[in-house]
Amino acid sequence: MTRIVCLNDHNLAAELKAAAQVLAAGGLAVFPTETFYGIAADHAQPAALARLSALKSRGENKPLALILSAAMEADLLAMDIAPTARRLMARHWPGPLTLVFTARPGLDPSLVSNDGGVGMRLSPHPGAAGLARALGRAITATSANLAGQPAVAEVAELDPVVAAGVDVILDMGVCPGGMASTVVDVRQEPPKVLRAGPVDIFSA
């Protein structure tokens with residue numbers, strides 16, 4: 001049965017640690033982000049990633065983006081990080097900017113696009129960032145909805161299939177909603193915006 005936890009200032013650290021242990025054991029967790037609720041899996045657990053994709057009925061050609069535990073983790077997951085990309089990381093992370101890098105060999109195929117890219121960001125949200133830090137490595141950043149359905153800003157809006165298909169739900173109230181993160185391909189120069197969002201990388 002899915003465990004539902006209401007996060008607050010008093011239990012945040014302990015409950016994020018407990019949820020991270022669930023992820024490390026191959027489980028799934030619904031968690032809050034700076035926009036909507038997401039579903040986390042440990043990126044290093046292939047069985048958990050497969051379970052997540054099956055739960056969402058997600059297409060094979062749609063890779064799962066990641067929320068990093070720390071900016072330096074990008075070097076473990078990506079190759080050939082250009083100076084321009086590092087400037088964007090320094091300027092906009094933590095924040096709603098997903099950067100697409102060249103994936104290092106060995107990453108699970110569910111994380112890698114057909115052209116070899118992996119998307120990642122560093123979240124400013126205490127729930128999302130804290131969960132990744134508690135795990136000590138990147139978590140998936142996919143929204144907590146079935147494929148093709150709208151994103152959800154509060155736990156009460158979760159599809160029953162999603163709610164029953166995860167191991168723990170971290171309820172931190174209503175998420176802000178708004179625009180999804182800006183997605184930028186930094187494998188080319190100049191970087192290419194793949195999805196417009198809150199961050200304008202070309203602004204002064």
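A disulfide is here a pair of cysteine sulfur atoms within 2.5 Å. The structure is a predicted model, in which local features need pLDDT of at least 70 and side-chain atom pairs count only at pLDDT 80 or more, while totals for chains, interfaces and linings use all residues. Residues are numbered from 1 along each chain as its sequence is written, and side-chain values use heavy atoms, with hydrogens and water left out.

Q: How many disulfides does a search of the whole structure find?
A: Cysteine 6 is in no disulfide, and the nearest cysteine sulfur, that of cysteine 175, is 13 Å away. That separation is too far for a bond. Over the whole structure, the number of disulfides found is zero.

Q: Is cysteine 175 buried or exposed?
A: Buried means under 20% relative accessible area and exposed over 50%, with partly exposed in between (1.4 Å probe, protein chains only). Cysteine 6 has a relative accessible area of 52% and is therefore exposed. Cysteine 175 has a relative accessibility of 6%, so this residue counts as buried.

Q: With which residues is asparagine 11 in contact, leaving aside its neighbours within four places in sequence?
A: Helices (H or I, at least four residues) and strands (E, at least two) are DSSP runs, numbered from the N terminus. Asparagine 11 is in the loop between strand 1 (3–6) and helix 1 (12–24), and counts as buried at 18% relative accessibility. With contact taken as heavy atoms within 4.5 Å, the residues concerned are Val5 and Cys6.

Q: Why is helix 5 (residues 126–135) largely enclosed by the rest of the structure, and how many of its residues are buried?
A: The buried residues of helix 5 include Gly127, Leu131 and Leu135. They pack against several elements, among them helix 1, strand 2 (29–32) and strand 9 (168–171). Helix 5 is largely enclosed because, of its 10 residues, the number buried is seven.

Q: Where is the proline whose peptide bond from tryptophan 93 is cis?
A: Most peptide bonds are trans. The bond from tryptophan 93 to proline 94 is cis, with omega near -5°. Proline 94 is found in the loop between helix 4 (83–92) and strand 6 (97–103).

Q: What is the phi of aspartate 80?
A: Most residues other than glycine have a negative phi. Aspartate 80 lies in the loop between strand 5 (78–79) and helix 4, and is exposed at a relative accessible area of 66%. Although aspartate 80 is not a glycine, its phi is positive, at about 55°.
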